[in-house]
Amino acid sequence: MLGAAMCAGLRQDGHAVDWVRTRAEAELAWVVPSPELLVYDAVVLDLGLPDGAGLDVLRAARARSHRTPVLIATARDRVSERVAGLDAGADDYMVKPVDLDELNARLRAIERRHLAQETVVELANQVSVCIAAKHVLREGQAVELTAREYAVLAVLARRPGMYFSRAQLTEAMYDWDHALESNAIDVFIHQLRKKLGNELIQTARGLGYRVVAAKGSA
């Protein structure tokens, strides 16, 4: 399946998609950044890249402790190649041509398995965020968030105390081919503060936004 068609199918299923076409671009987008700064929920990786092996990209990412779930989608169908991909750190393996419905279902499955390993994050203002269930509580009561508000909060909650720039938060929700209004992140932060308390999210000029962990949390 052509990359453009695959991207269209993933977007239709609700994913924000960044499509890189070479090993060099893949390493720049995924391998080089620090694991703490990455916001990708999953990676779909082809083994046959024009400037190198996709398997080398995967090995390099795992060597740098990148835990992002990886689904290999490739024309290589030998059992030995499937075994090599899984042993290198892939979470799933599909042989092209792939069915888009199955691809999306497999991505949802590996994302669920990955998120299930994350515990509830306790934040200031008696706010609790369960990343796996996409569930937010304040003082024991459920808080209704929009999908975009939750996407911003989830990025911040995974690393309490760490500042994230506006650009990093934007990338968590939108792919490179879709523009975002310049003040959108500010609007989402404003809404989160209204629902969860002003003290929860701090702003620092030149650094960005961060959430405050509950007292006594690591």
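Trainee: Where does Glu139 lie?

Mentor: Glu139 is in the loop between strand 8 (135-138) and strand 9 (141-142). Helices (H or I, at least four residues) and strands (E, at least two) are DSSP runs, numbered from the N terminus. This is a predicted model in which local features need pLDDT of at least 70 and side-chain atom pairs count only at pLDDT 80 or more, while totals for chains, interfaces and linings use all residues. Residues are numbered from 1 along each chain as its sequence is written, and side-chain values use heavy atoms, with hydrogens and water left out.

Trainee: Is Glu139 buried or exposed?

Mentor: Buried means under 20% relative accessible area, exposed over 50%, and partly exposed in between (1.4 Å probe, protein chains only). Glu139 has a relative accessible area of 53%, so it is exposed. Its phi is positive, about 55°, although Glu139 is not a glycine.

Trainee: What kind of peptide bond joins Lys96 and Pro97?

Mentor: The bond is cis, with omega about 0°. Pro97 sits in the loop between strand 5 (92-95) and helix 5 (100-115).

Trainee: What does Thr74 touch, leaving aside its neighbours within four places in sequence?

Mentor: Contact means heavy atoms within 4.5 Å. On that basis Thr74 is in contact with Asp46, Leu47, Tyr93, Met94, Val95 and Lys96. Thr74 belongs to strand 4 (residues 70-74) and counts as buried because its relative accessibility is 2%. Its side chain also reaches the backbone nitrogen of Arg76 at 3.3 Å.

Trainee: Which side chain forms a polar contact with that of Asp92?

Mentor: A polar contact is a pair of N or O atoms within 3.5 Å; within protein, one must be able to donate a hydrogen and the other to accept it, and residues adjacent in sequence count only if both atoms are side-chain atoms. The side chain of Asp92 is joined to that of Arg106 at 2.8 Å. Asp92 lies in strand 5 and is buried, at 16% relative accessibility. Not counting residues up to four places away in sequence, Asp92 touches Val70, Leu71, Ile72, Leu86, Arg106 and Ile110.

Trainee: How are two packed helices described?

Mentor: By the angle between their axes and the distance between the axes. Axes are lines fitted to C-alpha atoms, for helices over the stretch in contact, and angles run from 0 to 180 degrees between N-to-C directions. Angles under 35 degrees count as roughly parallel, over 145 as roughly antiparallel, 65 to 115 as roughly perpendicular and the rest as oblique.

Trainee: At what angle do helix 2 and helix 3 pack?

Mentor: The angle between helix 2 (residues 23-31) and helix 3 is about 20°, with axes 10 Å apart. These two helices are therefore roughly parallel to each other.

Trainee: At what angle do the axes of helix 1 and helix 5 cross?

Mentor: The axes of helix 1 (residues 3-12) and helix 5 cross at roughly 60° and come within 10 Å. Helix 1 and helix 5 are therefore oblique to each other. Ala5, Met6, Gly9 and Leu10 of helix 1 meet Leu100, Leu103, Asn104 and Leu107 of helix 5. The residues of this contact divide into six nonpolar, two polar and no charged. Ala, Val, Leu, Ile, Met, Phe, Trp, Tyr, Cys and Pro count as nonpolar, Asp, Glu, Lys and Arg as charged, and the others, Gly among them, as polar.
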